[in-house]
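Here is my note on the model you sent, written as numbered points. Please read each point with the picture open beside you.

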Amino acid sequence: MSLHLYDTSTRSTREFHPARTGTASIYVCGATVQSVPHIGHIRGALNFDVLRRWLTHLGNDVLLVRNVTDIEDKVLAKAKAAGRPWWEWAATHERAFETAYSELGCLPPSIAPRATSHVTQMIELMQRLIDAGHAYAAGGDVYFSVASFPEYGALSGQKLDAVQQGESAGEGKRDPRDFTLWKTAKPGEPSWSTPWGAGRPGWHLECSAMATFYLGPEFDIHGGGMDLVFPHHENEQAQSRAAGDGFARYWMHWSWVTMSGEKMSKSLGNVVAIPELLTQVRPAELRYYLVGPHYRSTIEFSKTALDEAVAAFRRIESFLRRVVQQTGGVEPGAPHPEFTAAMDNDLATPSALAAVHNAVREGNVALDSGDEVSARAAAGSVRAMTGLLGVDPLAPNWAQVAGADSGATRALDSLVGHLLEERQRARAERDFGTADMLRDRLLAAGITVEDTPDGPTWTLKDN
RNA sequence: GGCGGAGUGGCCGAGUGGUUUAGGCAAGGGCCUGCAAAGCCCUGUACACGGGUUCGAUUCCCGUCUCCGCCUCCA
C-alpha cells in the first residue's frame, strides 16, 4: 500500500501523489506568537513533524514551511497591556515556541517565515486580485470580494448564503461577508506603506503570500488545526485561486487537545503549558503521549492518561536498555511491515505503536531465551519505528536535553558500581540483609537496582 | 439556523460486516527471582439507545439521546 492521506477538501482519504515525484512541499500554519505555547499548539507541530519524517522515510525530499504570525490584533493588544514594544512581545513568544518545538524533538522546518517580512509578497498578491476583479480597496482597507469567486466555500463545505455575518464589518465593505486582506493603519499602530495606504496585513493574506513565495503557486500539503478550516483556510484558498494559483493539493487538519471536554484555550483558562508539564514528565514521554492518538482524534488531557503513556514509553525504553546493556549498542534497522502499513494509512500512529509494542514483546522473549541475534534485530526495528515517530528513547536529542553523559554521570557510575560489587559479594554469601540494605540505600538516593542473569543494573529513578 | 466530529471492555485508545488478537495501563492467576524489579504466559468477552438492510452489524442506512467543534480571534 502506498501513502494515503485524509484530505479535508474532499472529505476522503486519497492516495498521495506529490506534484513532483520525489519531493513533498508542505506549508503548515504555525503559531500566532501572542502568548506561550500550550500542549494543543505543540500537538499540531508534532503531527506534522511525524508526517515530515514519514515522507522523508518514503524517499521524498521534503520542504516544510511553518509560518510565524507576528503581527495581529492580539499581539498588539497584549504588548500594549504589558507596556512592551509589539515586536519584542512577538519575538519573545516566538522563542518560547521554538524552545518547545525543539525540546519535544521537532526537526527544524526548512524555514519559519514571519508575516512582517513578507509585506512585499502580500502587496503583489493584492494587486493581482484587484486587477482580476476579486478584491477592492476602500479607504485604506483592502477586501476580498467573496461573491466574485463562485468556488468560495468549497474547502469547508460552507454555503455562502448560510454563512453568518462574518468578520466585523468594516466601513467600506461592499458585502458583509467579504474578508479583509489589508487593514488601514490606526494611530499608534505599526504600519507598512502600500499603493492603497499605510496599514498592516489581515490574517489570511500572509499565508497565501508566503506559501506561494517559498513553495510556488501550487504545492502539495497545507495543514493546520481543525479550527482553521473556516474561515482561515477557506479564505486562503479563495484568494490564491482567484489570483490564478493552484495552491494546496491536499489539506490536512489535526484535532484538539481538550480539558474537561472543552477545547483548550486561553480565554477559558484551561491551558497546560509546556514548561510546567516538563517538570513532571520527560520531553520524550510527553511527545509519546501527544503523538500516540490519531492526529484527527481529540485528546482529552488527563494526568492518568499521561501517566499511562509514560508507562508505555518506558516499556519500550527499558527493552532497548536491556538489549544494549546485555549485547552492546544497537543502530536503527528497518520498520516492520505492519508499522509501514499503519503509517501509510493516513498516519495511523495507534496501530503503528501497536506494531512497536509487538516488536518489543518479541524482543523481550528473544532476550529471555538468550537469542541475542533476534533480540538485537527487534531492538533495531524498534529504534527505527520509534525514530520515525520521533520517540526513539535512544535518540541523541533526548540525552542532550537530559544532560546525560557528563562527568557527573561517570562519577556516579563508579560509585554505584562499587556499592553493587559489595552487594554482589553479600548475595554470594547469602547475606541478604546486607544486600537489601545496600539496595534500599541506593533507592533512597534515587537509584533503582535490578538483578538480571548478567548481573545487577541500575537506573536513575526519573524525576 | 448552516456545516462537521464523537459516544468501544476498570481506564486510555485503534479497528472491522462474520470465521483471529488491536496496543498500552490497571486487576487477578502463573513462570522466573534469595526477595524484589523487569520480562514472559494465561484470564476478563466491550462497542450510547431504538428501528431497518443482511444468512449475519459494534462496523452499512434511518431516527433518538448525549457531548464537542466551526460559522468572530483561535492549533
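This is a predicted model: local features need pLDDT of at least 70, side-chain atom pairs count only at pLDDT 80 or more; totals for chains, interfaces and linings use all residues.

1. Residues are numbered from 1 along each chain as its sequence is written, chains are lettered from A and ligands numbered from 1 in the order in which they are written, and side-chain values use heavy atoms, leaving out hydrogens and water.

2. Chain A contains 15 helices and 15 strands, where helices (H or I, at least four residues) and strands (E, at least two) are DSSP runs numbered from the N terminus. Its C-alpha trace spans about 90 × 55 × 35 Å along the principal axes.

3. Of the 463 residues in chain A, 50% count as buried, a word that means under 20% relative accessible area, with exposed being over 50% and partly exposed in between (1.4 Å probe, protein chains only).

4. Strands β5 (residues 135-138) and β6 (residues 141-144) run antiparallel and are joined by 4 bridges; two strands pair if DSSP finds at least two bridges between them. They form a hairpin with 2 residues between them, and G139 in the turn has a positive phi of about 60°. A138 has D141 of β6 as its bridge partner.

5. T212 lies in helix α5 (residues 203-215), and T212 counts as buried because its relative accessible area is 18%. Beyond its neighbours within four places in sequence, T212 is in contact (heavy atoms within 4.5 Å) with P217, D245 and F247.
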